[in-house]
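The paragraphs take one part at a time.

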Amino acid sequence: MVGMNAPISNKASIRQADLGDAEEVARIERFVARHCGSVFQRPLWLLAIERGTANDALGLVIERAGDLQGWLPLTDVHSPLFGRALVSSGFGVDGGVLAEREEDVSGLCHAAEELANRRAASSVELRGDRRLPSGAPLPESMQVLPAILQRTTRHSCWPSRGRREPRCARA
């Protein structure tokens with residue numbers, strides 16, 4: 001009998017993070033630290049903002065074979081004046097996607113747009129770097145203005161301008 005290796009799936013799955021699960025939060029915290037993320041990308045920041053403002057802390061993760069490959073922290077910000085928007089990260093000056101693969105950045109942005117539709121948010125705003133992991137600029141489709149300013153129902157995943165590069169101290 002000839003032995004066969006089981007096929008390994010490299011297919012990514014995207015899901016909403018369970019920020020009520022301490023183990024999930026700790027896993028994402030480790031991922032953010034390994035990838036030199038900012039304080040505004042930490043799940044603990046989202047949870048503190050949720051407690052202080054009553055705006056929902058959310059986040060999307062992308063995994064392959066159970067291994068965390070990317071994270072998009074989100075705050076469901078709502079106000080009578082500006083309506084509802086998914087912001088990464090709410091009440092912060094930084095945020096956005098942490099991922100190693102360009103297709104994961106795109107996948108998380110598209111999943112955020114779907115989440116915005118489900119939550120009746122008029123836009124998705126990414127605060128952070130305007131570059132993909134390779135250093136290439138984000139595609140034009142991810143650099144459009146938020147839908148609330150366009151007065152349409154189209155949801156757009158877009159980063160804000162002016163981010164400084166993250167500084168990560170290495171031992």
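**Strands, helix and loop**

Strand 1 (residues 12–16) and strand 2 are paired in the antiparallel sense, with five bridges between them. Two strands count as paired if DSSP finds at least two bridges between them. Helices (H or I, at least four residues) and strands (E, at least two) are DSSP runs, numbered from the N terminus. The model is a predicted one, in which local features need pLDDT of at least 70 and side-chain atom pairs count only at pLDDT 80 or more, while totals for chains, interfaces and linings use all residues. Residues are numbered from 1 along each chain as its sequence is written, and side-chain values use heavy atoms, with hydrogens and water left out.

Within the pairing of these strands, Ile14 is placed opposite Ile62 of strand 2. Strand 2 also runs antiparallel to strand 3, and nine bridges join them. Here Gly59 stands opposite Pro73 of strand 3. Strands 2 and 3 form a hairpin with two residues between them, and Ala65 in the turn has a positive phi of about 50°. Of the nine residues in strand 2, eight are buried. Buried means under 20% relative accessible area, exposed means over 50%, and partly exposed is in between (1.4 Å probe, protein chains only).

Now turn to helix 2. Its buried residues are Pro43, Leu46, Leu47 and Ile49. They lie on the same side of helix 2, because they cover an arc of only 160° around the axis; the arc is that of the directions from the helix axis to the C-beta atoms. An α-helix has 3.6 residues a turn, so residues three or four places apart point the same way. What covers the buried residues of helix 2? The cover includes helix 1 (22–34), strand 2 (56–64) and strand 3 (67–79). On the face turned away from the buried side, helix 2 carries the exposed residues Arg51 and Gly52.

Thr53 belongs to helix 2, which spans residues 43–53. With a relative accessible area of 31%, Thr53 is partly exposed. A polar atom of the Thr53 side chain lies 2.7 Å from the backbone oxygen of Ile49. The Thr53 side chain also makes a polar contact with the side chain of Asn55, at 3.0 Å. A polar contact is a pair of N or O atoms within 3.5 Å; within protein, one must be able to donate a hydrogen and the other to accept it, and residues adjacent in sequence count only if both atoms are side-chain atoms. Just after helix 2 comes Ala54, with a positive phi of about 65°.

The loop between helix 1 and helix 2 holds Gln41. Is Gln41 buried or exposed? Its relative accessibility is 2%, so Gln41 counts as buried. The Gln41 side chain reaches the backbone nitrogen of Ser38 at 2.8 Å, and a polar atom of that side chain lies 3.2 Å from the backbone oxygen of Gly96. Leaving out residues up to four places away in sequence, Gln41 touches several residues, including Val32, Trp71, Pro73 and Leu98. Contact means heavy atoms within 4.5 Å.

Last come the aromatic rings. Rings of Phe, Tyr and Trp (its six-membered ring) pair if their centres lie within 6.5 Å; planes under 30 degrees apart count as stacked, over 60 as edge-to-face and the rest as tilted. By this rule there is one aromatic pair. The ring centres of Phe40 and Trp45 are 4.7 Å apart and their planes are at 85°, so the pair is edge-to-face. Phe40 counts as buried at 16% relative accessibility, whereas Trp45 counts as partly exposed at 23%.
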